[in-house]
Amino acid sequence: MESILSPKRPTPTSLDNPDAPIHRVPVLLPYPFAGAFDYARPADLVLAPGDVVLVPLNRRAELGVVWDRGALPDELAQDAVPAVADAKLKPVSALLDVPRLPESLRRFVDWVAAYTLTPPGLVLAMALRALSTQPPAPTQGWVRSGSNAVTARETPARSRVLAALADGVPRRTAELARLAGVSSGVVRAMAERGVLREQEITHPAPFASPDIDHATPDLSPDQARTAEQLARLVQARRFQPVLLDGVTGSGKTETYLEAVAACLAEGRQALVLLPEIALSAQWLQRFTRRFGVAPAVWHSELGARRRRVAWRAVAAGEARVVVGARSALFLPFPDLGLIVVDEEHETAFKQEDGVTYHARDMAVVRARLAGAPVVLVSATPSLETLANVESGRYRHLTLAARHGGARLPSVAALDLREHPPERGRFLSPPLIEAAHRTMRAGEQAMLFLNRRGYAPLTLCRSCGHRIQCPNCTAWLVEHRARRQLACHHCGHTEPVPVHCPACNAENSLTPIGPGVERITEEARATFPDARILVMASDTLPGPTATAEAVRKITDREIDLVIGTQIVAKGWHFPGLTLVGVIDADLGLGGGDLRAAERTVQLLHQVSGRAGRADAPGHVLLQTYTPEHPVMRALAANDFARFMEREAEQRRPGHWPPYGRLAALIVSADTASDADRAANALGRSAPSGDGIQVLGPAPAPLAILRGRHRRRLLLKTRRDIAVQPILRHWLAATTPAPRSVTIDVDVDPVSFL
Ligand code: ADP
Ligand code: ZN
């Protein structure tokens, strides 16, 4: 507080003080500056916080947003930009015809910046990504003019153009030419002769209003009670986080769609976050079935034009429901009445590059600032969320049973020591037998392995050399279909060599271990008659391909699905009754705090794909550790017990969620620079009651993209915030050489 009022600091001239000699406005720019810059307000311009403006910066015109004076949290305001003398202020160039950024979004930007130790401008950049300086231009298209010039000089090409316009919908030149199979010249000539007439293309209401009565569901008593409770929270128009849990297939989606309906009835907007856009195909269908129209979709792969349209529709309140990936949190909702975070336990909600934030946690903040309930949905809630339920901060609603009496699949561990696969193979005999039986019965089977490519490691049988990435501390993964070795960390690829790069022996290189490609090869040999489909990011390049794969499975054009974690998402495959997990132990290695929790969540999610009312599913987990608590929890379907045990293990050491964690990742071009900077941080490490610093130590990925990496972990008791400690720590450390970067990751999810 003191530093803000320090006598050296010029008193800022208030925005709303008309007597001030110069009207200063703080403008936040989407760049990594410490805070907003002051500009002079031209006398003829009326400006308010949230207005999007153009301002001069280094002789360029830049987009910025009029910010609020004194909005930044104290610690941030301290090192904000020094004030410029009145005479040197540059004037705001223009006010843009763009909806104002709502107050709740501005406070959200400030909050995320402070929490993640990111310059606020970089957070603002996420909110402005969809903006361009121009409003979307209305587009003109061609329709038939109805003139009798039509008959004048009929040619097959011209008839095709006219036929393409038979429906009276205006089409642009290029589109029309493509439809009719003619050159653009033909279209233009017809226009010149008056055969075609120009007409504005009005977009077929891109965000039509959802109809809450379109197809109201017949909820079970349990679902109805839960939907009613959610609706009441929405109607209360107050912040309240809720955990909605229940086994896969219990109707969580069905139920929270009723909360969305309640929100629409309140006249407010709703936001549904999904961990991946791949998931959206089936979800969109369900939404459309329920409400008669599609919601607005938001994700980073949206084209620039659609993004611009969606952003404005959200800002104008026309887009009533948005379904999107984590970046949808930064949309300018003027009246947000509900946020749903589906599959809240998913680590995909953590953004790791740029601004590192956890969308699930930030959704709770966004809801608080908007005064709205936030519903976290999962069959396997994170320990973070469970701890918040236990402490009473979050409400808890549960759907007890699978809908329509469908039973949960039976899960059994398959001990690979007892039932080893044949030499050089990975499917154990009981799993092969079960798959045969399933397919013979006309049902579908799935093999799950969370590993892309053919083999995770290539080894020389002559000298024992293992082929490593030239840029990273990682083995290269063989992708046989592409005849490449690839690094999954930096993207480096190279052809599979014939000679060992170390000893030059010929044909001595052997793949070690399986990836999905190798399992597919084995499955084709083992089940020659099966119609096989592979679902992996390498075989399904985008949402369209994913949707088509899902359709094929649903329509029973496939007998055996082989996939990576893509198959674990919330799909419903009614014909699927057997799931074989190739390597249930896979996620348990490594020093990751949440390895066991994540394995249980992932495998439970995969298991949830199997079975329905009349055909219960079976899940076989191939494992070398059937006695591991993870396998036991899965086999007994006792997720709650397992999470209690996790809690017991984390509580004493103040590990999250019973303490706070932040990671500092030091990276440099040379190992010695990295060590020097990391050691300097180590020497100035904070200490005190309930504060602990672990490291520095080489990161598991000690070299990534040619950069040497060291990690330090700050661990504090839950009642001690890490941000002020981190700020002081970083400020107190001697500046590192230029080649050194220090990345801060508050609440780290990845420990690589
Ligand atoms: P969850 O989200 O818990 O996995 P869903 O909402 O996806 O569950 O429901 C699982 C399946 O059961 C879906 O196919 C859904 O359409 C169906 N279902 C759930 N509840 C009902 C209901 N009340 N009426 C009709 N179908 C339902
Ligand atoms: Zn690499």
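The legends below describe close-up views of a predicted model.

In this predicted model, local features require pLDDT of at least 70 and side-chain atom pairs count only at pLDDT 80 or more, while totals for chains, interfaces and linings use all residues; side-chain values use heavy atoms, with hydrogens and water left out. Residues are numbered from 1 along each chain as its sequence is written, chains are lettered from A and ligands numbered from 1 in the order in which they are written.

View 1. For four tetrahedral donors the ideal angle is 109.5 degrees. Helices (H or I, at least four residues) and strands (E, at least two) are DSSP runs, numbered from the N terminus. Cys-472 is buried, with a relative accessible area of 3%, and Cys-487 is buried at 4%. Buried means under 20% relative accessible area, exposed over 50%, and partly exposed in between (1.4 Å probe, protein chains only).

**View 2. Helix H16 (residues 595-607) crosses helix H18 (residues 639-650) at roughly 165°.** The axes of H16 and H18 come within 10 Å. Axes are lines fitted to C-alpha atoms, for helices over the stretch in contact, and angles run from 0 to 180 degrees between N-to-C directions. The crossing angle makes H16 roughly antiparallel to H18; angles under 35 degrees count as roughly parallel, over 145 as roughly antiparallel, 65 to 115 as roughly perpendicular and the rest as oblique. H16 passes H18 in a left-handed crossing. Ala-596, Glu-597, Val-600 and Gln-601 of H16 make the contact with Phe-639, Phe-642, Met-643, Glu-646 and Arg-650 of H18, where contact means heavy atoms within 4.5 Å. A crossing is left-handed if the near helix is turned anticlockwise from the far one by less than a right angle, and right-handed if clockwise.

**View 3. Helix H4 (residues 156-164) crosses helix H5 (residues 173-180) at roughly 115°.** The axes of H4 and H5 come within 9 Å, and H4 is roughly perpendicular to H5. This crossing is right-handed. Arg-160, Val-161 and Ala-164 of H4 make the contact with Leu-176, Leu-179 and Ala-180 of H5.

**View 4. A cis peptide bond joins Pro-656 and Pro-657.** Omega is about 5° for this bond, and Pro-657 lies in the loop between H18 and strand E26 (659-668). The bond from Gly-695 to Pro-696 is also cis, with omega near 10°; Pro-696 lies in strand E27 (residues 691-704).

**View 5. Asn-58 has a positive phi near 45°.** Asn-58 lies in the loop between strand E3 (52-57) and strand E4 (60-66) and is exposed, with a relative accessible area of 67%.
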